[in-house]
Amino acid sequence: MLREPEARDRAAFIELLASPEVHTYLGGPRPLDELEREMPEVPERWPGSFVVELDGVMIGQILLRRASEQHRPAAAGKADLGYLFLPRAWGFGYAAESCAAALDWFDGVLPGEPVVLATQSANVGSMRLAAKLGFTEVERYHAWDAEQWLGLRSPVTPSS
Ligand SMILES: CC(C)(COP(=O)(O)OP(=O)(O)OC[C@H]1O[C@@H](n2cnc3c(N)ncnc32)[C@H](O)[C@@H]1OP(=O)(O)O)[C@@H](O)C(=O)NCCC(=O)NCCS
C-alpha cells in the first residue's frame, strides 16, 4: 500500500536513513543520533512522498519530486523518481510493484509529463528496477566519485 507518512513510521524512517546497506550507492548513511534528534514526530508530508506499507508496516519510501536546477540539464525541472527500501524487503518485487503504482498515480495527476531517474550504474538492483519501470538511458556521467546513470521515462500517450 502507498500512503502518506504517519507518526508510527518514525522509527522505520530513521532505520532507512541510518542504514549503511541502503546507502551503499547514495553517499553513505546519516548518523543515528542526528536522525533521532532531528526527525520530526510526524515525518514530513508532501505530494509525491509515499510510504510503502506491507502488512501494516513501513518497508520503504518512494519520492516523486521536481529535479532542481542543479541537476543535469536533461533532468532540470522534470519530475524525478527516487526509492529506498529496507534490506529485509529487497528481492521480492515490492519495489517494482510499488514504484509502478506511484508512476500510475503520477500519470493521472500530471498526464503527459516525463519522469527522470538518477542512480549509480554500479547499483545493479536499482538499474534493473529502472529498466523494469520503463526508464531508458539518457546519459552516463561522473559525479561523487562514481559513474551515474540518468534515465528517462517518456510520457504515456493515451491509446485510442
Ligand atoms: C534498489 C532497490 C529499491 C531494489 O529493491 P528490490 O526489492 O530488490 O527490487 P525488486 O524486488 O522490485 O526487484 C527489481 C529488479 O532488480 C533485481 N535486483 C534487485 N537487486 C539486485 C542485485 N543486487 N543484483 C541484481 N539484480 C537485482 C531484481 O531481481 C528484479 O529484477 P527481476 O525481476 O528481473 O529479477 C533496493 O535495493 C534499495 O532500496 N536499495 C537501496 C536504495 C537505493 O539504492 N536506491 C536507489 C536510489 S536511485
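Biologist: Which residues does Ile-14 touch, not counting residues up to four places away in sequence?

Modeller: In this predicted model, local features need pLDDT of at least 70, side-chain atom pairs count only at pLDDT 80 or more, and totals for chains, interfaces and linings use all residues. Residues are numbered from 1 along each chain as its sequence is written. Two residues are in contact if their C-beta atoms, placed from the backbone, lie within 7 Å. Beyond four places in sequence, the residues that Ile-14 touches are Leu-35, Glu-36 and Met-39.

Biologist: Does Ile-14 count as buried, partly exposed or exposed, and why?

Modeller: A residue is buried if 20 or more other C-beta atoms, placed from the backbone, lie within 10 Å of its own, exposed if 12 or fewer, and partly exposed in between. Ile-14 has 18 C-beta neighbours inside 10 Å, and therefore counts as partly exposed.

Biologist: In which helix does Ile-14 lie?

Modeller: Helices (H or I, at least four residues) and strands (E, at least two) are DSSP runs, numbered from the N terminus. The chain has four helices and seven strands. Residues 10-18 form the helix that holds Ile-14, namely α1.

Biologist: What radius of gyration does the chain have?

Modeller: The radius is taken over C-alpha atoms, and the globule rule is 2.2 Å times the number of residues to the power 0.38. For 160 residues, a compact globule would have a value near 15 Å, which agrees with that of the chain, 16 Å.

Biologist: What share of contacts between residues at least 6 apart in sequence join residues at least 24 apart?

Modeller: Contacts in the chain between residues at least 6 apart in sequence form the reference set. Within that set, the share joining residues at least 24 apart is 60%.
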